[in-house]
Amino acid sequence: MTAAQETMAPTTERVDNVSAAAYRIRHHALTMGEVQGQGYVGQALGAADMLAAVYADQLRFQAANPEWEGRDRFLLSTGHYAIGHYAALAEAGIVPVEELETYGSDDSRLPMSGMSTYTPGMEISGGSLGHGLTIAVGMALGLRYQGSTARVYNFLSDGELDEGSTWEAAMGAHHHQLGNLTAMVDINALQADGKTDTVLRTEPVTEKWESFGWYTQRVDGNNMAELLRAFDNAAAQAAAVGRPSVILCDTKVGRGVPLLEGREKAHFMRIEEHEWQQCREQLTAGYEGRASR
């Protein structure tokens, strides 16, 4: 895409509206985390802006009919991010907000790892990393064969780029010219075994995606204006036949809650009982402070 083809910067009103959705998604994630006292809360907070940009601004769906034929598909490849996805589904009206308090409980529709057979709006069961983009490629190709205008969004993590199947899928998407596919990668520099660059270095990741033929953008994934502009650019070049898009999003684990942003062992957090209210107060204070500027 040339500079002349890029979209205009999003309006302040639009940025504010989607930022408000991101704040509520973070609040929902804390509500669910407190049910278990632990979990993948840091990832949910870090990715909340990405999820809000999709669900509050980009995705075509019907809240009352999650299996609507004409819907865009959102695939959560990283099943352990389900807590963030549930929060986004609640914000979108697909899952009742009050149901979030059942998170991870027996007989809940909201298990700790995402499962499509349980949760409305959950397209695939995430688990072993590296499968999501492969499924997304097949889904995007199938939708094109059906003559559908629906688009496919696939959420991946930077740790998932360690998997060879991800790059096979990336190559396949370019080969089939899947212009109806957008991947979004949460680059928070952390995975289960430690810092991403010490487990398996993937940089220069932008150049890698570009070499696979994708329309590639890298942005601050916690800057809503940058995110929306990137999604607009991807949508502007979307087509039944064309280049697939990837948005590489640098995020911070625990974003919005200073107490959690610098916490060690942040991949799966244990948060003490007395800390949850402090987390909510910090989240609200930070959001209201930014909103008033």
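Okay, let's start with a pair: helices α1 and α2 sit oblique to each other (oblique is whatever is left once you take out under 35 degrees as roughly parallel, over 145 as roughly antiparallel and 65 to 115 as roughly perpendicular). Before I go on, this is a predicted model, with pLDDT of at least 70 needed for local features and 80 or more for side-chain atom pairs, while totals for chains, interfaces and linings use all residues. Residues are numbered from 1 along each chain as its sequence is written, and side-chain values use heavy atoms, without hydrogens or water. Helices and strands here are DSSP runs, H or I of at least four residues and E of at least two, numbered from the N terminus.

So, α1 is residues 12–36, α2 is residues 41–58, and their axes come within 8 Å and cross at roughly 140 degrees. Those axes are lines fitted to C-alpha atoms, for helices over the stretch in contact, with angles from 0 to 180 degrees between N-to-C directions. The crossing of α1 past α2 is right-handed, meaning the near helix is turned clockwise from the far one by less than a right angle. On the α1 side the contact includes Val18, Ala22, Ile25 and Leu30, and on the α2 side it includes Leu45, Ala48, Leu51 and Ala52 (contact is heavy atoms within 4.5 Å). In that contact of α1 with α2, 14 residues are nonpolar, three polar and four charged. For the record, Ala, Val, Leu, Ile, Met, Phe, Trp, Tyr, Cys and Pro count as nonpolar, Asp, Glu, Lys and Arg as charged, and the others, Gly among them, as polar.

Now, what does α1 do with α3, residues 82–91? The axes of α1 and α3 come within 8 Å and cross at roughly 125 degrees, so this pair is oblique too. Here α1 makes a right-handed crossing. Among the residues that meet are Arg24, His28 and Met32 of α1, and Ile83, Tyr86 and Glu91 of α3.

Staying with α3: is it enclosed or open? Nine of its 10 residues are buried, so α3 is largely enclosed by the rest of the structure (buried is under 20% relative accessible area with a 1.4 Å probe, protein chains only; exposed is over 50%, partly exposed in between). Those buried residues pack against α1, α2 and β2. Take leucine 89, in α3: it has 0% relative accessibility, and beyond four places in sequence its contacts are Tyr55, Ile94, Val95, Thr119, Pro120 and Gly121. After α3 comes glycine 93, with a positive phi near 85 degrees.

At 16% relative accessibility, histidine 80 counts as buried. Setting aside residues up to four places away, histidine 80 touches Tyr40, Gln43, Met112, Ser113, Leu129 and His267. Its C-alpha lies 9.6 Å from that of phenylalanine 268, 188 residues apart along the chain.

Last stop, α5, residues 164–175. Its buried residues are Thr166, Trp167, Ala169, Ala170, Gly172 and Ala173.

Key: Expected span 1.5 Å × (residues − 1).
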